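The following exercises are to be worked through with the sequence and the three-dimensional structure at hand. Each task is followed by a solution in steps.

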Number of protein chains: 2
Amino acid sequence: MAVYTDVGDEDLAAFIADYDIGELVSFKGIAEGVENSNFLLRTTAASFILTLYEKRVNEAELPFFIGLMQHLAGRGINCPTPVRARSGAALGRLAGRPAAIVTFLDGVSVRRPRLPHCAQLGVALADLHAAGADFAVHRTNALSLPGWRPLFERSADRADEVQPGLAAEIDAELGRLEAEWPKALPAGVIHADLFPDNVFFLGDDLSGLIDFYFACNDFLAYDLVICLNAWCFETDLQFNVTKARALIAGYESRRPLTPGERAALPLLARGAAMRFLLSRLYDWLNVPPGALVTPKDPIEYLRKLRFHQRVTGVGAYGMTP
Amino acid sequence: MAVYTDVGDEDLAAFIADYDIGELVSFKGIAEGVENSNFLLRTTAASFILTLYEKRVNEAELPFFIGLMQHLAGRGINCPTPVRARSGAALGRLAGRPAAIVTFLDGVSVRRPRLPHCAQLGVALADLHAAGADFAVHRTNALSLPGWRPLFERSADRADEVQPGLAAEIDAELGRLEAEWPKALPAGVIHADLFPDNVFFLGDDLSGLIDFYFACNDFLAYDLVICLNAWCFETDLQFNVTKARALIAGYESRRPLTPGERAALPLLARGAAMRFLLSRLYDWLNVPPGALVTPKDPIEYLRKLRFHQRVTGVGAYGMTP
């Protein structure tokens, strides 16, 4: 939830005058995204989202994100599409911050995904990977294996405040991940944060994907297990193998996993659980003064990690071994 | 800025199924209102605002607010209009809270009002007072004269932290207001919080009034001086007599002030400044943990109060004495 920067009507009017998007009808800050300020902008032509990129975002990376959304939209992916100003630029400046206008996507995110949601997510994820295959810009995943230990070290001395023994457990698992992490698997542009909040449905039909600000280059199957962790555990943290089967089958209906990917899935899933465990642990221990949102529970991802540690093969994910 | 309560898609779907407003297309928390959770709700039919009333709102008062908006809309005022469920009720329950759906108003609030904005505000305020004249429900203004000293007493011992001598200055002014406050003036339903945030314009035309959650019964001219204080001082706190003249002339084009109201204006304006000085002082000294918003500077209203203390007649407001 956000809206950090206040935008005055005169600044806004001057900004949108550079775009061919009609006359301003309404403008409201919306509670979407945690890193940036987002506004719903309605004009006589359509609805848009105006994003102001706040200080936590690396300005040098914005062309990657903007370019990726343009690229994916051009390949038929339903994602926010950056709107170009009359100058041709899709990235402008408003209230002292980098700013972009993107198209508004209809749809509502689901809190408790059901089977059809998981199946469609799998299809959409594979389509996203296919559409990103020829995107020329590269962005390293700062939250993959090489980033985990440095992130852990920022929380290590206080991790046991959250749960006794947590620091040792993470340290041991990081050692195993560092030893066993795959060196080569099919790679490309991944979303890297495709939680239910970032997937819209209209009725039961998937209508779009949003929030590409963690997108990067990494193993494609790593994106799939991020989804597995985010969509296929019930609220009591029981793993729902039927949802996993639906998700993976949806994905494989467009792109069958390679034998190497299949074999690596449990390990990748442990890594994906570790990534969110570590970022949540850090956020849990470092709630900024003024935060309106309760940080998410890191232990949820510890339990998901432990589930995957016990997995002995892809049968646990509903796949034919 | 708000959105305190998270609403799940299933709860929302069940809630709106009771309304004849089309199919859900989009749903986003918006940063509007400081007391309640607000969501922009788009359906296949139209856009709406869904409000969940949070704990700071007295549930017993909701029928007043809902009924008032219905009444005013029925009299042609452009304000959010509560939408009735099929049962006929305009107030429902969602996520454990009282909830209402109101129509969406187009328009944008202006940060730096200009003369035409002030003139139209005066007209709209008089129209609001006329439309409210036959509203049968009564709500006492908890933030008028009898409420000020109790509110002050909650900040008195710390007021000098904000500015040395502030407590004594407020105490003395409260004494004068208590001695001189008018006993009888034309009264009725007032908005009581018609700051620029709560007035929408489309281009230069006033398109609607929002946020009736301070509305109450009080002197009509008190509403006018709340606007005078909120709209007619420049950002450097210089009083702009031309804007004041435009505001009051706009108001009087629909309802001329009585001689008693004219004579009372400076005193009423001091009272209106005191009311916001006191609430801002309290908020300044009691920032809740987790607040995302910087509280508004109480000293702004001290300076407005002092301006009106020096006023010797309505000529200072651009009126013919």
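A residue is called buried under 20% relative accessible area, exposed over 50%, and partly exposed in between, computed with a 1.4 Å probe on protein chains only. The structure is a predicted model, in which local features need pLDDT of at least 70 and side-chain atom pairs count only at pLDDT 80 or more, while totals for chains, interfaces and linings use all residues. Residues are numbered from 1 along each chain as its sequence is written, chains are lettered from A and ligands numbered from 1 in the order in which they are written, and side-chain values use heavy atoms, with hydrogens and water left out.

**Exercise 1.** Determine whether B:Leu237 is buried or exposed, and state its phi.

Solution. B:Leu237 sits in the loop between helix H7 (220-231) and helix H8 (241-252) of chain B. Because its relative accessible area is 17%, B:Leu237 counts as buried. Although B:Leu237 is not a glycine, its phi is positive, at about 70°.

**Exercise 2.** Describe the surroundings of A:Lys304.

Solution. First, the residue belongs to helix H10 (residues 298-310) of chain A. Leaving aside neighbours within four places in sequence, A:Lys304 is in contact with A:Asn229, A:Ala230, A:Phe233, A:Leu237 and A:Ala273. Finally, a polar atom of the A:Lys304 side chain lies 2.8 Å from the backbone oxygen of A:Asn229.

**Exercise 3.** Compare the span of helix H3 of chain A with the expected value, and list what covers its buried residues.

Solution. The expected span of a helix is 1.5 Å times one less than its number of residues. Helix H3 (residues 115-132) has 18 residues and reaches 26 Å from its first C-alpha to its last, close to the 26 Å expected. Its buried residues include A:His117, A:Cys118, A:Leu121 and A:Gly122. Among the elements covering the buried residues of H3(A) are helix H2 (62-74), strand S6 (187-190) and helix H7 (220-231) of chain A.

**Exercise 4.** Characterise the interface between chain A and chain B.

Solution. Begin with the contacts: 35 residues of chain A are in contact with 35 residues of chain B. Buried area is the accessible area (1.4 Å probe) that two parts lose on being put together, summed over both. Between chain A and chain B this area is about 2900 Å², of which carbon and sulfur atoms give 51%. Next, a salt bridge is a side-chain nitrogen of Lys or Arg within 4 Å of a carboxyl oxygen of Asp or Glu. The count between the two chains is six salt bridges. B:Glu10 forms a salt bridge with A:Arg112, with the closest N and O atoms 2.2 Å apart. Elements that give two or more residues to the side of chain A that touches chain B include helix H1 (9-16) and strand S1 (24-30). The largest share of that side, seven residues, comes from S1(A).

Terms used: Contact means heavy atoms within 4.5 Å. Helices (H or I, at least four residues) and strands (E, at least two) are DSSP runs, numbered from the N terminus. A polar contact is a pair of N or O atoms within 3.5 Å; within protein, one must be able to donate a hydrogen and the other to accept it, and residues adjacent in sequence count only if both atoms are side-chain atoms.
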